[in-house]
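Trainee: I am new to this structure and would like to learn how to read it. Could we go through it feature by feature?
Mentor: Gladly. Here it is.

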Amino acid sequence: MMKYNFDEIIDRKNTNSMNTDGFREFMFKGRENLSFAYKDDEWIRMWIADMDFATPPEIIEAIRTRLDQRIFGYSQVFDPNYYVALSNWTERMYDWTFPKEYLVTSPGIIPALYELCEYICKPDEKVLIVTPSYAFFKSAVEFNHLELVCSKLKNENGHYTINYDDLEAKAKDPKVVLCIFCNPHNPTGRLWKEEELRRVGEICLRNHVWIISDEIHCDLLRSGLSHTPFAKLFPQSDRIVTCMAPSKTFNMAGLMFSNVIIPNQELRELWLRRHYSFKNPLSIAATQAAYEHGQQWHQELLQYLDGNFKFTDAFLSQYLPEAQFKIPEATYLAWINISSYIPGEEDLTGLFAAHAGVLLEDGSMFVDNGQGYIRLNLACPRAVLKEGLQRIAAFLNSYRDPSLAGTAAAT
Ligand SMILES: Cc1ncc(COP(=O)(O)O)c(C/N=C2\CONC2=O)c1O
């Protein structure tokens, strides 16, 4: 019996939500005046990675308790129970912890990436990533006027693996000093195996390349799978920075609170000198509550997401049999090759918005190596997911065979 209701459809209107109000500027930059046949509340939103589920009541209760204390002055994480809550979570979930002094916090992993690129790299140096990639890895590198170096993941029928020879050839460049590595991987959903992480780590460390392991998706796995923190495999190294957060796991990205684990003392002291140290007290309370009381909600969330992925897999097999999709090991994101239906370099995001009323991100939004793909956020009530998939199938089938225009996929 599920304690939490993930089928509840919650109105996010008038909440200043990027998901509902920010899509034009983010996805149609320079085309904001595009008119669509869909009113704002008619969209099926499958683009930005936050969830359409209520944040756990235990977290909301902790925020309410802090609100009732009615003064919200300058705050930092002084309560030792914050580290206890986080390290208990990492111990239980990943069989890994770290010394308390390694822990700093950031108002997000994106800002942490921007800062760490500046602190680790000199202006003429380079940063290595694998592609396809979350686009803000590129933004963080280029904001710091650093050169981005990309190593394409190998794609064998939709299964992505690392091209170690290519990665090593690029890591050998003495100007490459940092690798930002997404573990687990957005957008492909790969949950890297220990031996894959070891090979990447050995290549980077023997070539004096720092690693930032962005592990924001590490609690969003298919049931039965477990995450390996990159730093767990290299306890002797202090060149691996780990970024984790409750934001993806518990749908609280707007509270802007992330954990950054910096074992290297010099880098950590630079961070502490340069980083603005005050925090939102509501975010501190929410994050500590997530790790102290979020376990059951988290387990039920994973079960519900398993169901959404199984539903999507069956739907695509039946109504879009030429789409290439594998249920990913991690994330709540479906990475689907639809090039059989729409070959070439079309503006897939624009087409689906205009003709299906579905907001989604296409492969061109993931730096490189994503052509022909769309990415769907499946972290929504199943009824919404079904409507989105039906609209996608109707559009793709009619795109290829106009005589089918207007026929929705069977319910
Ligand atoms: C790999 C990765 N790192 C960092 C972030 C953002 O961290 P924050 O600054 O919020 O702490 C995201 C969010 N991914 C998103 C957000 O919308 N679409 C995505 O793919 C992400 O996928």
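Trainee: How many bridges join β2 to strand β10, and which way do the two run?
Mentor: First, the ground rules. This is a predicted model, in which local features need pLDDT of at least 70 and side-chain atom pairs count only at pLDDT 80 or more, while totals for chains, interfaces and linings use all residues. Residues are numbered from 1 along each chain as its sequence is written, and side-chain values use heavy atoms, with hydrogens and water left out.
Mentor: Now the general idea. Strands of a sheet pair through backbone hydrogen bonds, either parallel or antiparallel. Two strands pair here if DSSP finds at least two bridges between them. Helices (H or I, at least four residues) and strands (E, at least two) are DSSP runs, numbered from the N terminus. In this case, four bridges join β2 to strand β10 (residues 258-261), and the two run antiparallel. Threonine 105 has asparagine 259 in β10 as its bridge partner.

Trainee: Which residues lie on each side of strand β2?
Mentor: In a regular strand the side chains alternate between the two faces of the sheet. Buried means under 20% relative accessible area, exposed means over 50%, and partly exposed is in between (1.4 Å probe, protein chains only). Strand β2 (residues 103-106) has Leu103 and Thr105 on one side, Val104 and Ser106 on the other. All four are buried, so both faces are covered.

Trainee: What is the strand order in the open sheet of three strands?
Mentor: The order is β11-β14-β13, with antiparallel pairing. β11 (333-337) and β13 (361-362) stand at the edges with a single partner strand each, so one side of each has no neighbour in the sheet. Two bridges join β13 to strand β14 (residues 373-377). Aspartate 362 stands opposite isoleucine 374 in β14.

Trainee: How many residues of α13 are buried?
Mentor: Seven of its nine residues are buried, so α13 counts as mostly covered. Among them are Leu348, Leu351 and Phe352. The cover includes α2 (23-27), β12 (358-359), β13, β14 and α14. Just after α13, glycine 357 takes a positive phi of about 70 degrees.

Trainee: How many residues does the largest nonpolar core have?
Mentor: The general idea comes first. In soluble globular proteins, nonpolar side chains tend to be buried together. A nonpolar core is a set of buried Ala, Val, Leu, Ile, Met, Phe, Trp, Tyr and Cys residues joined through side-chain atoms within 4.5 Å. The largest one here has 70 residues, and those with the most contacts inside it include Phe53, Phe181 and Tyr332. Its largest share, six residues, comes from helix α4 (residues 81-94). Apart from it lies another core, of 31 residues, among them Tyr119 and Trp210.

Trainee: How many aromatic pairs does a search of the whole structure find?
Mentor: Rings of Phe, Tyr and Trp (its six-membered ring) pair if their centres lie within 6.5 Å; planes under 30 degrees apart count as stacked, over 60 as edge-to-face and the rest as tilted. The search finds 32 pairs. In one, tryptophan 89 and tyrosine 291 have ring centres 5.5 Å apart and planes at 55 degrees, so the pair is tilted. Tryptophan 89 is in helix α4 and tyrosine 291 in helix α11 (residues 281-293), 202 residues apart. Tryptophan 89 is buried at 0% relative accessible area, and tyrosine 291 is buried at 4%.

Trainee: Why is the pair of phenylalanine 352 and phenylalanine 395 called edge-to-face?
Mentor: Their planes stand at 75 degrees, with ring centres 5.1 Å apart, so the pair is edge-to-face. Phenylalanine 352 is in α13 and phenylalanine 395 in helix α14 (residues 382-400). Both are buried.

Terms used. Contact means heavy atoms within 4.5 Å.
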